[in-house]
Amino acid sequence: MHSRTGACAGALLFAAATASSGRAAVPDFTSLDPALFGDSPALSSAFADVDGDGDLDLAVSYSDGAVVLYLNEYGTFSGVGARSGLPAKGTAVRSLGWGDFDRDGDPDLHAGVSGDAAAPARNLLFRNEGGGRFTEMADVVGMRLPGADSRQANWIDFDNDGDLDLFSAQRSSRNKLFRNVGSGFEEVGESLGLDDPRRTVGACWFDMDEDGDLDVFLANQEADKDAFYRNDGTSFTDIAPRLGMHQPDRTVAEGGVGCAVGDYDNDGRLDLFVATYGESLLYRNLGGGKFKDVALAAGVKRRLHAVGASWGDVDNDGWLDLYVSAYEDGGDYRPRDHLFMNQRGRFVDALPADSVLHASDHGVQWADIDRDGDLDLSLTETFRETSRHQLFRNGLAVSETARCLLVQVLDREGRATRAGAEVRIYGSGRTLLGTRLVPTGDGYGSQSDMPVHFGLGDVEVVAVEVTFLTREGRVRKRIEDVDSRAWAGKAIAIRAD
């Protein structure tokens, strides 16, 4: 048993990099109760406070079709088991996404299933009934998707009507967009021009042109060009060719896999990383709906078999770091992951060859599981016989874990349905310190429902500004003089007016 309270206060030591390695300092990570998660290959994982106790619980999907819920009690996890109503076996679930689709105040779970002609599948939607129990509802609410070969799913409010819709990326058929109509869902991808037939694996939604609604970047595989669909209100338009973001020269062995959105240079604009089979891409947001690939200049350009990626400030210095899950394409599919530490807008590949974090060929998710102020790490591996899911506790020093702030963004009724909202913090003199996106999905096939995390460096008192996306445009709400020390162990909640 391990329990820690009083967040933004920590444990273990900070592992200093050696001068000979040339690597940036990386916190020490410790594997958490490996036996709990079993020895089955795992695909996706996603966090949410399922039972409303303030701790982030964890769902993990395994290659045998099982989806297991692990409830969290101050950093100690226990599996719920078959009584949850989640599948114990079946066709592989490659994506998990938490979202309160029925607006009853607790997160529900979408499971994207990956079938084929021999094992046809359909996606699953589990309504949270409380007490760690779920009821499967996909057919009942009109979200039936027979013949599914699903990857990333995103709970988003694409039409700004106040409820959560669902986008489902399809690896071998047309993508689907389900609009929430209150009594259920209707598929509107075809009518809105978002039923792209390309082989989509990653999908990232954010307001790329800052016009008040969510747009979507699609990472496509096997020589398929990437897409970037601008939300025009009544339809979507692919502007990736116009922006030079479509990658037209790919071979059939190359393609986009995962994507992740984050403001890596702290300029207030949301940037985009794309994990690929091929050369990694980092698109810097130049403003005005324009982007530039700066992967080489920023230090993250690698030729990899990369699958998932996620931004997180691992050392609480105020700059987003980047974890990329990848594998060696040499027959044994051994994980060869990368932790790019952010050195004020330029990155150092800091993960040594013998690190315990070389443990993922698919999923990666950051989350503060023990409320101590630093980001812990969920990694999934699926290709090898020894593959499994692992959870790693961040051992950032106590002096560093105190430098953080968690912000929970809520709608008018106090529900967490504002995925895609933007959060910015400011220091003295209105100096911008950082920007975060309320999660719409990243890693590999994952969407977590949790507060956004800011490392603060040496700053303690900040202003917090949330940008809500509404039918009236981008609406900002600002809270002044937020003392991070008063919010140790909990998130400050900011509700839409």
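View 1. L405 stands opposite F454, a residue of strand β35, where strands are DSSP runs of E with at least two residues, numbered from the N terminus. Strand β31 (residues 404-410) and strand β35 (residues 452-455) run antiparallel and are joined by four bridges, and two strands are said to pair if DSSP finds at least two bridges between them. The model shown here is predicted, so that local features need pLDDT of at least 70 and side-chain atom pairs count only at pLDDT 80 or more, while totals for chains, interfaces and linings use all residues. Residues are numbered from 1 along each chain as its sequence is written, and side-chain values use heavy atoms, with hydrogens and water left out.

**View 2. Strand β31 beside strand β38.** With strand β38 (residues 492-495), β31 pairs in the parallel sense over four bridges, and Q408 stands opposite A493 of β38.

**View 3. The two faces of β31.** Seven of the seven residues of β31 are buried, buried meaning under 20% relative accessible area, with exposed over 50% and partly exposed in between (1.4 Å probe, protein chains only).

**View 4. The surroundings of V423.** V423, which lies in strand β32 (residues 422-426), is buried, with a relative accessible area of 0%. Leaving aside residues up to four places away in sequence, V423 touches several residues, among them V407, V409, V452 and F454, where contact means heavy atoms within 4.5 Å. V423 and T467 are 44 residues apart in sequence, yet their C-alpha atoms are 6.3 Å apart in space.
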